[in-house]
Amino acid sequence: MPPKAPIKIFSGTSSRYLTEKISHYSGRDLGNIKKLNFSDGEFAVGFQETIRGSHVFLIQSTFPPADNLLELLMMIDAAKRASAYKIVAVIPYFGLARQDRKDQPRVSIGAKLAADMLTAAGIDRLITMDLHADQIQGFFDLPVDHLYASSIFLPHIKSMNLDDLVIASPDVGGSKRASTYSKFLGTPMVICHKSRAKANVVSEMRIIGDVKDKNVIIVDDMIDTAGTLTKAADMMMEEGAKSVRAIATHPVLSGSAYENIENSSLEELFVTDSIPLKKESKKIKVLSIAELLADTIEKVYYYKSISNQFLI
């Protein structure tokens, strides 16, 4: 039996492009929410329809600036104060996820702080995708549905019918993800070992494994400045690879990322629409996660299993 509480889907400002597609796939109208901007940069949000007793899904990726996270927190607070029955935060890209541990003295753990704020604001559940570190799920004392873009990327990789395919990890930290892709596809795997001089700056890199005469696909959860990715692609081509492509769930693409990609040996870069592209590039292809999220929202609402959402 379906739950008695009606379902309502709302979007934050920065994720409306994605929420409209989710609304289309789910066959449900997008709820009406208003954001009021003040001249000093302050803003307020409010629901323009009743949500009393409703099962409310709030969709917003929390990429920079911090206003996106603050807007989501205010939406959650407004929903709680408007007597929503359940509040589910749908955060395709969970910002601050790279700050998942105290890796040097006197630093904050931003991912834990974000989790605490979302919990304090009043969410009952979180739906997110490809966290930078899986253990972030443990920062929440509530249900977390952690989806993987592999269910989008793997069928696409198979449809490309590439011979002599090799899966690559851009760093040691991503080797588990690349290994899973490699096992599923039945292909070899290589790893790029890198050292950083500072954040976003790679000082040294070497490739562990054979890429000669191979079609390489580099697998990552996110791409920021694209420095590591493009350097790895160039090195692989120098070592005799036939071609180098990449997949990354979250296209952060900051700084000189677009320039780095255009000037690199990368043939194609496949990303999702968890974050909107700042501009178009002939090398960047977007695969939508809207249908996957729409299906997950429906299953969560009807208390159905979502285990079949995971190919790996």
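The crossing of helices α4 and α5 in this predicted model is right-handed, a crossing being right-handed if the near helix is turned clockwise from the far one by less than a right angle, and left-handed if anticlockwise. Helices (H or I, at least four residues) and strands (E, at least two) are DSSP runs numbered from the N terminus. The axes of α4 (residues 150-160) and α5 (residues 175-185) come within 12 Å and cross at roughly 45°; axes are lines fitted to C-alpha atoms, for helices over the stretch in contact, and angles run from 0 to 180 degrees between N-to-C directions. This angle makes α4 oblique to α5, where under 35 degrees counts as roughly parallel, over 145 as roughly antiparallel, 65 to 115 as roughly perpendicular and the rest as oblique. The contact (heavy atoms within 4.5 Å) involves S150, F153, L154, I157 and K158 of α4, together with Y181, F184 and L185 of α5. By class, 6 nonpolar, 1 polar and 1 charged residues make up the contact of α4 with α5; Ala, Val, Leu, Ile, Met, Phe, Trp, Tyr, Cys and Pro count as nonpolar, Asp, Glu, Lys and Arg as charged, and the others, Gly among them, as polar.

Residues are numbered from 1 along each chain as its sequence is written. In this predicted model, local features need pLDDT of at least 70 and side-chain atom pairs count only at pLDDT 80 or more, totals for chains, interfaces and linings use all residues, and side-chain values use heavy atoms, with hydrogens and water left out.

Helices α2 (residues 67-81) and α3 (residues 110-121) have axes that come within 9 Å and cross at roughly 20°. The two helices are therefore roughly parallel to each other. From α2, the contact draws on L69, L72, L73, I76, D77 and K80, and from α3 on A114, M117, L118, A120 and A121. The contact of α2 with α3 has 9 nonpolar and 2 charged residues, and no polar ones.

Helix α1 (residues 16-26) packs with α8 at an angle of about 60°, the axes being 8 Å apart. This angle makes α1 oblique to α8, and the crossing of α1 and α8 is right-handed. The α1 side of the contact consists of L18, K21, I22, Y25 and S26, and the α8 side of A290, E291, L293, A294, I297 and E298. In the contact of α1 with α8, 7 residues are nonpolar, 1 is polar and 3 are charged.

A search of the whole structure finds 1 cavity of 30 Å³ or more. On a 1 Å grid over the protein atoms alone, a cavity is a set of points where a 1.4 Å probe fits but cannot get out, whereas a pocket is an open set with protein on both sides within 12 Å along at least five of seven lines; lining residues have an atom within 4 Å of a point. Grid points are joined across faces, edges and corners, and a volume is the space filled by probe spheres set on the points. The volume of the largest cavity is about 60 Å³. Its lining comprises Y93, F94, A97, R98, T128, M129, D130, L131, H132, D221, M222 and H250, with at least two residues supplied by each of β6 (125-129) and β11 (215-223).

The second largest pocket has a volume of about 180 Å³. Among its lining residues are H55, K86, D124, R125, D145 and K304; β5 (86-91) and α8 (290-301) each supply at least two residues of this lining.
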